[in-house]
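Work through the exercises below with the structure open. Each task is followed by a solution in steps.

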Amino acid sequence: MSTRRTNVLLLFSDQHRYDWIGCAGRVPVRTPNIDAIAARGMRFTQCRVNSPMCAPSRACLATGLRYHRAGVPDNVHDLDPSLPTFMKQLRNAGYKVAAVGKTDLHKKSRLLGLEGWTSRHGQLGFTDTIDMAGKRDGAMLVDWPRPAEPYGAYLKARGLGQIVADDIERRRVKEYDRQAGIDAAPFPLAREHQMDDFCGRMALRMLDRLPHGEPWFLQVNLASPHPWFDAAADLLARYGDVDFAPPIDAGDGPNDHALIRRQYAALIEGMDDWIGWIIDRVSQRGELDNTLIVYSSDHGEMLGDHGRWKKGWPEDPRVRVPLVACGPGVPAGVVNDAQIELIDLAATFVELSGAAPIPACDARSFLPVLRGERDTHRDVAISAFGSWRLCTDGRLKLVEQREAPHRLYDLAMDPHEQHDIAGDAPAETARLAELLATELAS
């Protein structure tokens, strides 16, 4: 690694399933800038989030704690600011620690501030933030005439707030009418007014605020491809002639899956545009050779597979996410199948910075893997939410759910998790159950 202290740029999206990146070679989605990170460094095929829900996943990452210990069981809780976080460890080691976009670490209280900063951000370990509400957090957008965060304030100042509020309300009403299907109409305004474009501009502004000559960490929380499926018309037009395979076992229903998948791809490509522009700004600062760049997401999306949508359950499209990284000391063009939990990013950033470890955390640094010093990391990865938890070694996957029999899937033979083999493989079921109990007890 460089003798200088390495900066860290974490590009972090919302609801991006693991197989919807160009370099994965499965779907005709275009992600040239994510692909470029992978080409310059490593792509990890087996990264799973610790909980496939926005606030719990982000709380786990911030603290390096697994779901059962992080204290954010769902999307209506704040992260306890007294807990240790990787942000505090970096700050204590002399880093500027910044974030732009939806941190989701105060989901209940919605303490964001019109400029995206409150004292609570400092309590969590940040030195500067432009925090925002998420795409679906309608209260932040329709609470006119009192916008409570930067994006809402931006819209209101331009007389656009009610247009976006009405669009959200229409989609919300339609969502709960199962006979109506998902509303995949384009965003009602020009692309420049979408949340990702606003967030991207704020990320460039934050990079301009970061001092030269001091190490920094910046987390850019892009809003896409989280629903709504609402890419602006010019982005959607990029996929007008692209055909996507339909969902696996979609079943009957009113949804226009072709349009929805074009929208999902368009949101991803629009987000990828900003990833490129943000990395360009790091290069313009003369810091590209001394910055670890990481792209990942807080959870995935079922996208109609098996007739299911959204997040919150243990299927791999919800739990697995993209993870690519490049930077000083990272060998180029490597595809790695190591078992990674998203919280392991926290420990990796801390070790890279030379900061003191996060006290009593569950995260494990995979910096030796990033440096090419070893190929493996964890024996198993676990995830949980509400009444279920899972444990996987990458091939076999055990799902435990309250008041239900264990389920076991062979991901190599049954990647879509359609055939429960727990009854046929009692020894493997017991082995993974014991590993899961051991991991949770440690």
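Two strands count as paired if DSSP finds at least two bridges between them. The model used here is predicted.

**Exercise 1.** Find the residue of E7 that stands opposite Leu-11, and state how E1 and E7 run.

Solution.
- Locate the two strands: E1 covers residues 7-14 and E7 covers residues 291-297.
- Check the pairing: 7 bridges join E1 to E7, and the two strands run parallel.
- Read across from Leu-11: the residue opposite in E7 is Tyr-295.

**Exercise 2.** Give the strand order of the open sheet and identify its edge strands.

Solution.
- Trace the 8 strands in the order E5-E4-E6-E1-E7-E8-E2-E9; the pairing is mixed.
- Look for strands that pair on one side only: these are E5 (128-131) and E9 (334-336).
- From one strand to the next, the twist averages 15 degrees.

**Exercise 3.** Which strands does helix H9 lie across?

Solution.
- Take H9 as residues 195-209.
- H9 lies across E4 (96-101), E5 and E6 (216-225).
- Relative to E6, H9 runs at about 170 degrees.

**Exercise 4.** Classify the crossing of helices H1 and H11, and describe their contact.

Solution.
- The axes of H1 (residues 32-40) and H11 (residues 257-284) come within 7 Å and cross at roughly 55 degrees.
- The two helices are therefore oblique to each other.
- H1 contributes Pro-32, Asn-33, Ile-34 and Ile-37, while H11 contributes Asp-272, Asp-273, Ile-275, Gly-276 and Ile-279.
- Sorted by class, the contact has 5 nonpolar, 2 polar and 2 charged residues.

Technical notes: Residues numbered from 1 in each chain as written. Predicted model: local features only at pLDDT ≥ 70, side-chain atom pairs only at ≥ 80, totals over all residues. Heavy atoms only, no water. Helix = DSSP H or I, 4+ residues; strand = E, 2+ residues; numbered from the N terminus. Axes fitted to C-alpha atoms, helices over the stretch in contact; angles between N-to-C directions. Contact = heavy atoms within 4.5 Å. Parallel < 35°, antiparallel > 145°, perpendicular 65-115°, else oblique. Nonpolar A, V, L, I, M, F, W, Y, C, P; charged D, E, K, R; others polar.
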